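Here is a short briefing on one protein chain.

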Amino acid sequence: MFTSTPTSFSLLVAATSMMPTSAKLSSGFYNKVCPQALPAIRKVVKRAISQEPRIGASLLRLHFHDCFVNGCDGSVLLDDTANFTGEKTAFPNLNSIRGFNVIDDIKKAVDKACYKSVVSCADILAVAARDSVSILGGPDYEVQLGRRDARNASVNDANRNLPPPFFSFSQLLSNFQAHGLNLKDLVVLSAAHTIGLARCTSFRARIYNDTNIDPKFAASAKYNCPTTGGDNNTRPLDSTTRHFDNVYFKALLQQKGLLHSDQELYKNNGTDSDKLVLKYSRNSESFSKDFANSMINMGNIKPLTGNNGEVRLNCRKIN
């Protein structure tokens, strides 16, 4: 009854021995097991952005929404099951987060390039976010890799942990600090809004109720965002929405932040947040450097490593 066991066991060992199992993230995690992994990811991201520039912002947002809910573990990608309701239907995500088909395409491409499934969906999110930023003109930083994928997800945790666009400055800072991030991380990562679009439902209250907003800017935004209806109508988050730059900060100085949470970062009263906004509005190199560092910080939020979690075969469901 044991005659076939040694052969099967040997094959299993041979396969698993090729899987990196380090409990610490590193930029060279896949260098030996699949050096083709990162170029394969970038190729799909570049193609997707050429077809729809907005998708770069969507992929960046997926990584952020993943990391802020129980760590960077790919849980945001999981569909609902009989055992749990996932994060896709959480209030900050419903009819909002997008790009899942691109992640599916990346997973297929990278598994083909590696001849097996060795790259986690959580790592795919991190690399796709970096590639999106880089392709759209932002910094091209080294991503720390070695995350593994969660086996569950929670709609309640997503509702509790993702900061909504109506948060005050103190609420934003508390939220980021709860994830191990600081004021600089908050200010610089908020500038991810230098690319992409926002839905009317996210900025309606700002353009109709806030007083620290440029009147002409507010009037222009109201044109496509009525007091009722048009929830899914979109508007660029800044004036160069297809290019990753520091225009976001310049807009805040002019009280042209589209989201309430954006303008909360600059109130022109000499706070440390004000000083950072001023700095980045004047120094794009400093912004790029600090954005890269803060993305790495965010990517280090409670990753599953070593033998924890799994490497999913399909990013939408557990193995």
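The S-S bond of C121 and C315 has a torsion of about -95 degrees, so this disulfide is left-handed. C121 sits in helix α5 (residues 121–135) and C315 in the segment after α14 (284–299), so the bond ties together parts 194 residues apart in sequence. Helices here are DSSP runs of H or I with at least four residues, strands are runs of E with at least two, and both are numbered from the N terminus.

The model is predicted: local features need pLDDT of at least 70, side-chain atom pairs count only at pLDDT 80 or more, and totals for chains, interfaces and linings use all residues. Residues are numbered from 1 along each chain as its sequence is written, and side-chain values use heavy atoms, with hydrogens and water left out.

**Disulfides**

- A search of the whole structure finds 4 disulfides. The criterion is a pair of cysteine sulfur atoms within 2.5 Å.
- A disulfide is a covalent bond between the sulfur atoms of two cysteines.
- With the bonded cysteines of the chain numbered in sequence order, the pairing reads 1-4, 2-3, 5-8, 6-7.

**C121 and C315**

- The S to S distance in this pair is 2.1 Å.
- Both C121 and C315 are buried. Buried means under 20% relative accessible area, exposed means over 50%, and partly exposed lies in between (1.4 Å probe, protein chains only).

**C34 and C114**

- The sulfur atoms of C34 and C114 are 2.0 Å apart and form a disulfide.
- This pair links distant parts of the chain, 80 residues apart. C34 is in the loop between α1 (5–17) and α2 (37–51), while C114 is in helix α4 (residues 100–114).
- The S-S torsion of C34 and C114 is about -85 degrees, so the disulfide is left-handed.
- C34 is buried at a relative accessible area of 2%. C114 also counts as buried, at 2%.

**C200 and C225**

- C200 is joined to C225 by a disulfide, with an S to S distance of 1.9 Å.
- C200 lies in helix α9 (residues 200–209) and C225 in the loop between α10 (215–222) and β2 (234–236), so the bond ties together parts 25 residues apart in sequence.
- The S-S torsion of C200 and C225 is about 75 degrees, so this disulfide is right-handed.
- C200 is buried, with a relative accessible area of 0%. C225 is buried, also at 0%.

**Overall fold**

- The chain has 14 helices and 2 strands.
- Its radius of gyration is 21 Å, close to the 20 Å that the globule rule gives for 319 residues, so the chain is as compact as a globular protein of that length. The radius is taken over C-alpha atoms, and the rule is 2.2 Å times the number of residues to the power 0.38.
- Along the principal axes, the C-alpha atoms fill a box of roughly 80 × 40 × 35 Å.
- Of the 319 residues, 52% count as buried.
- Among contacts with a separation of 6 or more, 75% come from residues 24 or more positions apart. Contact means heavy atoms within 4.5 Å.

**A residue in helix α6**

- D157 lies in helix α6 (residues 155–161).
- D157 is buried, with a relative accessible area of 16%.
- Leaving aside neighbours within four places in sequence, D157 is in contact with V69 and N70.
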